[in-house]
Amino acid sequence: MRKLLITGGAGFIGANFVHYWARQHPGDRLVVLDALTYAGNPANLEGLPAGADWRLVHGDICDQPLVEQLLAAEKIDTIVHFAAESHVDRSIAGPEAFVQTNIVGTHTLLLAAKKSWPEGGDFLFHHVSTDEVYGSLGPADPPFSETTPYAPNSPYAASKAASDHLVRSYHHTYGLPVTTSNCSNNYGPYQFPEKLIPLVLINALDGKPLPIYGDGGNIRDWLQVEDHCRGIELVMNKGRRGETYNIGGHNEVTNLEIVHLLCRTLDHHFSTDPALARRFPHCPAAQRQSCAELITFVKDRPGHDRRYAIDPTRAEKELGYTPAYSFEAGIEATVDWYLAHEPWWRAILDGSYAEWVSTNYRNRN
Ligand code: NAD
Ligand code: TYD
C-alpha cells in the first residue's frame, strides 16, 4: 500500500492520473495538492471509485510549511509531481508565474521531500516533465532521446528544464530517490480548452474560427493521456532511480492534419446523429457544411518550435512500455468525451466554475 502526494492532481494530466491510479491501485491513499489555478478544477476528480481513499488539499507547492506538514501527517512515501504552469502562450505573455511554480515550486517540494525522506527508506519523487525541454527538431533530425542536449525555447520549456535539473541534482548530490519522465503532447478527457485539441473541438461546435498559428505545418508527437499515465506508472514501479525516461507514441502529426481530422470526425458525428444539430446549431455541420470551413490562419506564435518527436526506446526496452491507443481511436474517444461533457466545458467558458472554486475553496483544506 502506497501513500501518494499528487501535485497538480486537479489539472488535466494529474486528474487523469488520479482516476487511473484509483482504478489500478484501489488500496492506496491519494492526497492531491493543488492550488486550483485557472487550470485546476475540482470537478475533474468527480466520479472516482466509491471506495477510493483520497483527499483534495487546496494549497500551493511553494508553501513549504504546508508541504512539510502534509508529508509528515499523511506519511507520504511517493510524490508524483504534475503541478505546473503548462501553457506556452501564457508563458510568453507572463513568464513570472512559470518561474515561480515550475522552478521555485519544484525546489520547495524537493526541499520538503529531502527533509521527510527516511534515508535508505522506501521513498520516490517522480517528476513529470515535457519533451519541450529539448527544443525544436528539423525535418530530418532523429527524435529526442534521453541524451539529446537541452535547448528550451519558450519560458515554459526553460522553466521545466530548470526543474528537471534541480530534480536530477537532488539525486546526484543527496541521493534522493527520483525518477523523471519527459512526455510529448497529451490529449484526452479534462484537457483545458486553451490547448489545441479541445479549443478546436469547442470552437467548431460553437461555429467560431479555428485558429491555426503560422502555416499549420508544426509537428507534435501526440499521446493519449491514459497512455502517459501508464508510462508514468511503469517508470515509478520499474524505472532506475536517478534516471529519466522519454514517453511518446511514435505519432508525429502536423497541426493542420489534426484540425482536419477533428473536423472530419465532427462532420461524421453530425451526419449520423440529428440531435447534435439541435444542440449545436451554430456548428457548420448542423447545416451539412464541413467544420473545416472555420479554419483560420493567424499570426504565428513567437519562437514557435517547428517539430517535437520522441524516441521512447529506453522506456520500451527497460520498462516494456507501449501505448495502447491508436491516434484515430484516441481522437474518436476524445471527441465523444467532449460531446458527452458539455456542462464541464461550458462551466469553464462562462466562468461559473472559477466562481464556484473561489467561493467553495477559499481557505479550505
Ligand atoms: P494543467 O495546466 O492542466 O494542470 C496544472 C495543475 O497544476 C492545475 O490543476 C493547477 O491548478 C496546478 N497548479 C499550478 N500551479 C500550482 C501551484 N503553485 N501549486 C499547486 N498546484 C498548482 O497541466 P497539464 O497539462 O495537466 O500538465 C501537467 C504536467 O505535465 C505539467 O508538469 C506539464 O509540464 C507536464 N506535461 C504536460 C504535457 C501536455 O501535453 N499537457 C505534456 C508533457 C508534460
Ligand atoms: P498547444 O496545445 O498549446 O501545445 P504546445 O504548444 O505545448 O505544443 O499547441 C499545440 C500546437 O498547436 C502548437 O504547435 C501550437 C498550435 N496551436 C494553434 O495552431 N492554434 C491554437 O489555437 C493553439 C492553442 C495551438
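User: Let us begin with ligand 2. How many residues of its shell are nonpolar, polar and charged?

Analyst: Please keep in mind that this is a predicted model. The shell around ligand 2 is made up of 7 nonpolar, 5 polar and 5 charged residues.

User: Which residues come nearest to ligand 2?

Analyst: There are 17 residues around ligand 2, and the nearest are E132, P211, R220, R301 and H304.

User: How should I read the polar contacts of ligand 2?

Analyst: One looks for pairs of N or O atoms within 3.5 Å. In this model, the side chain of R301 places an N or O atom 2.5 Å from an oxygen atom of ligand 2. R220 has a polar side-chain atom 2.8 Å from an oxygen atom of the ligand, and for N255 the corresponding distance to an oxygen atom of ligand 2 is 2.9 Å.

User: How much of ligand 2 does the protein cover, and which elements give two or more residues to its shell?

Analyst: On its own, ligand 2 has 510 Å² of accessible area, of which the protein covers 96%. Two or more residues of the shell come from each of α6 (196-205) and β8 (210-213). The element that gives the most is β8, with 3 residues.

User: May we turn to ligand 1? Which residues come nearest to it, and what classes make up its shell?

Analyst: Ligand 1 has 28 residues around it, with I13, D34, S86, Y156 and K160 coming nearest. By class, its shell holds 13 nonpolar, 12 polar and 3 charged residues.

User: What part of the area of ligand 1 is buried, and where does its shell come from?

Analyst: Of the 840 Å² that ligand 1 exposes when taken alone, the protein buries 97%. The elements α1 (12-24), β5 (124-130) and α5 (155-174) give two or more residues to the shell. The largest share, 3 residues, belongs to β5.

User: How are aromatic pairs to be read?

Analyst: One considers the distance between ring centres and the angle between the planes, where an angle over 60 degrees counts as edge-to-face. The structure holds 16 such pairs. One of them joins Y190 and W344, with centres 6.1 Å apart and planes at 75°, which is edge-to-face.

User: Why does the pair of Y190 and W344 tie together parts that are apart in sequence?

Analyst: Y190 belongs to the loop between β7 (186-187) and α6, whereas W344 belongs to helix α12 (residues 342-349), so the pair links parts 154 residues apart in sequence.

User: Are Y190 and W344 buried or exposed?

Analyst: A residue counts as buried when its relative accessible area is under 20%. Y190 has 14% relative accessibility and is therefore buried; W344, at 10%, is buried as well.

User: Which residues form an aromatic cluster, and where do charges sit over rings?

Analyst: Y134, F144, Y150 and Y308 form one aromatic cluster. As for charges, R90 lies over the face of Y38, 3.4 Å from the ring centre, and the charged end of K114 is placed over the ring of Y174, at 4.5 Å from its centre.

Conventions
Residues are numbered from 1 along each chain as its sequence is written. Chains are lettered from A and ligands numbered from 1 in the order in which they are written. This is a predicted model: local features need pLDDT of at least 70, side-chain atom pairs count only at pLDDT 80 or more; totals for chains, interfaces and linings use all residues. Side-chain values use heavy atoms; hydrogens and water are left out. A residue is near a molecule or strand if one of its heavy atoms lies within 4 Å of it. A polar contact is a pair of N or O atoms within 3.5 Å; within protein, one must be able to donate a hydrogen and the other to accept it, and residues adjacent in sequence count only if both atoms are side-chain atoms. Accessible areas come from the Shrake-Rupley method with a 1.4 Å probe; for residues, only the protein chains shown count as cover. Helices (H or I, at least four residues) and strands (E, at least two) are DSSP runs, numbered from the N terminus. Ala, Val, Leu, Ile, Met, Phe, Trp, Tyr, Cys and Pro count as nonpolar, Asp, Glu, Lys and Arg as charged, and the others, Gly among them, as polar. Rings of Phe, Tyr and Trp (its six-membered ring) pair if their centres lie within 6.5 Å; planes under 30 degrees apart count as stacked, over 60 as edge-to-face and the rest as tilted. Buried means under 20% relative accessible area, exposed over 50%, partly exposed in between (1.4 Å probe, protein chains only). A charge sits over a ring if NZ of Lys or CZ of Arg is within 6 Å of the ring centre and within 35 degrees of the ring normal.
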